[in-house]
Amino acid sequence: MKIELGLITAVVIAAIFISPIIAQAGSQSHSLSEDAALDLLHRTLKRDRVYEKRISLDCIAYGTEETTNAYFEFVLREIHNAKCGGDPETSPAIDRYRVYRRSSKIQQWEAAEDKWQPYRPTETK
């Protein structure tokens, strides 16, 4: 009886110490990597044809501006070269987006309002 009680106690204590580790590992496995977040953003902008009338997606460069535990912040810049045109000494920012690691939600920076807004393809430029 004492052996069984000791064994049960050991299992309970082990479960208490191991369960937070398992939960943390599980939550991180559903978190987007930087590459996955960038791929999601690119696919979304392409699907919604956000820049179709403004600039070819082949003439847009993506850069990471900020990385936090919650999101990746990307800037989209014009590529200026022989194919895309423009002054090769400049690369103006087109837009900025945040892609949240766990929810995969996208926000867009609205400079006129000086705040982040939920991504809505009908309201993009």
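How many disulfides does the count come to? By the rule used here, a pair of cysteine sulfur atoms within 2.5 Å, the count comes to one. Before we look at that disulfide, a word on the model. This is a predicted model, in which local features need pLDDT of at least 70 and side-chain atom pairs count only at pLDDT 80 or more, while totals for chains, interfaces and linings use all residues. Residues are numbered from 1 along each chain as its sequence is written, and side-chain values use heavy atoms, with hydrogens and water left out.

**The chain as a whole**

The chain has two helices and five strands, arranged along the sequence as α-α-β-β-β-β-β. Helices (H or I, at least four residues) and strands (E, at least two) are DSSP runs, numbered from the N terminus. Of the 125 residues, 26% are buried; buried means under 20% relative accessible area, exposed over 50%, and partly exposed in between, with a 1.4 Å probe and protein chains only.

**The disulfide**

The disulfide joins Cys-59 to Cys-84, with an S to S distance of 2.0 Å. It links distant parts of the chain, 25 residues apart: Cys-59 sits in the loop between helix H2 (34-47) and strand S1 (60-67), and Cys-84 in the loop between strand S2 (71-78) and S3. The torsion about the S-S bond is about -90 degrees, so this disulfide is left-handed.

| Residue | Relative accessibility | Class |
|---|---|---|
| Cys-59 | 8% | buried |
| Cys-84 | 24% | partly exposed |
| Pro-121 | 34% | partly exposed |

Pro-121 belongs to the segment after strand S5 (115-118). Its C-alpha atom is separated by 9.6 Å from that of Arg-47, which is 74 residues away along the chain.

**A buried arginine**

A polar atom of the Arg-101 side chain does lie 2.7 Å from the backbone oxygen of Thr-68. Leaving out residues up to four places away in sequence, Arg-101 touches several others, including His-30, Leu-32, Tyr-71 and Phe-72; touching here means heavy atoms within 4.5 Å.

Key:
A polar contact is a pair of N or O atoms within 3.5 Å; within protein, one must be able to donate a hydrogen and the other to accept it, and residues adjacent in sequence count only if both atoms are side-chain atoms.
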